[in-house]
Amino acid sequence: MDSGSPLRVEKTTLKAVVKKTYVLDTNVLLHDPNAVTAFNEHHIVIPMTVLEELDHIKDRPDKTVSREARIAIQIIDKVVDAASPREIQEGVSIPGSNLEGALGTLAIYPDQLLSDASDIPYLDATQDQANDNRIINVALRLQAENPGAFVCLITKDINMRIKAKGSGLVHVEDYRRDRVLDDIDLLARGYEHVEGDFWSGISEVDTLREGDCTLHRIPRRSLPGAYPNMFVHDDQDFMAFVKRIDSDYVYLRCDSRDKLMHRRFWGLTPRNLEQAMAMSLLENDSVDMTVMTGPAGSGKTLLALAYGLHAILEQKRFSKLIVARSTPPIAEDIGFLPGTEEEKMAPWLAAFDDNLEILHGTDESCHGSIAYVKERANIQFKSLNFMRGRSFNNAYIIIDEAQGLTQFQLKSVISRVGADSKIVVLGNLAQIDNKYISPLTSGLTYLVEKTKAYPHAGIMHVNGIVRSRLAAFAEENL
């Protein structure tokens, strides 16, 4: 979806006005309601079928997707509100879509009229996939009417892209504007491993003292991928922590591997180096948010919970522990379940009870200990759908299963964090169950990349399956 050059207007007809035409599928507008402004000076076509689908979706019980549908409808209405029916079909200028002044246009295509034409091989619009086929047919019609012009269908539905290409549509693309990475393998991991000896590749180094901390200052070119609160280690047992970065230098604090591996929270010790580094970030007073990614069974939830109990019951740093996650669409309105909010959330937060059992499994009365800890630590279970508008002060907050959240959802949750609080965001990008989200467009990916340069945020990819050897086999081979 390159922006291309500004258009030269010769006539008022749709065929002459545009060089590139983008037909948007419904899932694109649900994924990014602002998508109509993402194509610079080009022409956007929204089939009538898309508007009908948005109209049905805006009243769904799923509050997230219904909200996105309403926002998309409102944005479209702002563009076409004052236009005549003829202008709406030919293309209405999109205000403010390009800072350079070349505006794109938005048109609504009356695809219910396509059945009148018989010279183009349309897909059957009366079967199960009728709506998808109608949208593809719009793109086929525009391609046939504008030979040689660039007509492209934009959809996040992989199967729909295959069908469109198989039907003869030359240009079909995924929506990529919201991708913060080209490849998920490039996602920040919170550490960098240097092969061999780290110091052998450093041309210059200065040592300085800041309070009771000794820092080593090296040029940024020696560690170009460095960001604050990142760890660096090599094959010679060297371990360092990126204390801060300025325009010219990286400031490293040397750490001890042994010291990291012997850290203990609520009786829990790390089982690999990634867990040890994650525990160091959790305990760091200057880190207000820790984002932990990694495969299932790597210990993310256990580490976050163990530190929360340690910080509340032993260090007295926080007054409560809040555990939250998004509930599936069927449970958006959890009021249909009996009991308190904690009891309503229990089916989706059972993992925390499992981890509490791990931490207290050797106690004489395991269930008694868990009940006691829940009361003493003031553990509260919340649904993310009911956190908007609240403010959490002096709290330790764990957001679980964040891989299925959108950028907007994560922003709205993190903005709830008040004074003297710490938030831990957990997620596994390999377990996304939201059909509108991929690893490259997940709010978790967005959060990692946008906050890695923030001096009060820490990132750690906790690798290695420690749940069991069977879990390790399943993660790698099944």
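Trainee: Why is Arg217 called partly exposed?

Mentor: Arg217 has a relative accessible area of 24%. Buried means under 20% relative accessible area, exposed means over 50%, and partly exposed lies in between, with a 1.4 Å probe and protein chains only. The value of 24% therefore makes Arg217 partly exposed. The model is predicted: local features need pLDDT of at least 70, side-chain atom pairs count only at pLDDT 80 or more, and totals for chains, interfaces and linings use all residues. Residues are numbered from 1 along each chain as its sequence is written, and side-chain values use heavy atoms, with hydrogens and water left out.

Trainee: What makes the contact of Asp206 and Arg217 a salt bridge?

Mentor: A salt bridge is a side-chain nitrogen of Lys or Arg within 4 Å of a carboxyl oxygen of Asp or Glu. For Asp206 and Arg217 the N to O distance is 2.9 Å, so the pair meets the definition. The pair links distant parts of the chain, with Asp206 in strand E8 (residues 206-210) and Arg217 in strand E9, 11 residues apart. Asp206 is partly exposed, because its relative accessible area is 32%. In general, side chains of opposite charge can pair when their charged atoms come close.

Trainee: How many salt bridges does the structure hold, and which residues are linked with Asp55 in a network?

Mentor: The structure holds 15 salt bridges. Asp55, Lys58 and Asp59 are linked in a network of them. Within it, Asp55 forms a salt bridge with Lys58, their closest N and O atoms being 3.5 Å apart. Asp55 counts as partly exposed because its relative accessible area is 38%, and Lys58 is also partly exposed, at 24%.

Trainee: Is Glu173 buried or exposed?

Mentor: Glu173 is buried, because its relative accessible area is 16%. Glu173 forms a salt bridge with Arg176, the closest N and O atoms being 3.6 Å apart. Arg176, by contrast, has 36% relative accessibility and so counts as partly exposed.

Trainee: How do you know that the span of helix H6 agrees with expectation?

Mentor: Helices (H or I, at least four residues) and strands (E, at least two) are DSSP runs, numbered from the N terminus. The expected span of a helix is 1.5 Å times one less than its number of residues. For the 16 residues of H6 (residues 130-145) this gives 22 Å, and the end C-alpha atoms are 22 Å apart, so the two agree.

Trainee: What makes H6 mostly covered?

Mentor: In H6, 12 of the 16 residues are buried. Among them are Ala130, Asp132, Ile136, Arg141 and Gln143.

Trainee: Which strand forms a hairpin with E12?

Mentor: E11 forms the hairpin, with 3 residues between the two strands. E11 (residues 239-245) and E12 run antiparallel and are joined by 5 bridges, and Ala240 stands opposite Cys254 in E12.

Trainee: How many helices and strands does the chain have, and what share of its residues is buried?

Mentor: The chain has 16 helices and 18 strands. Of its 478 residues, 53% count as buried.

Definitions and conventions: Pairing = 2+ DSSP bridges.
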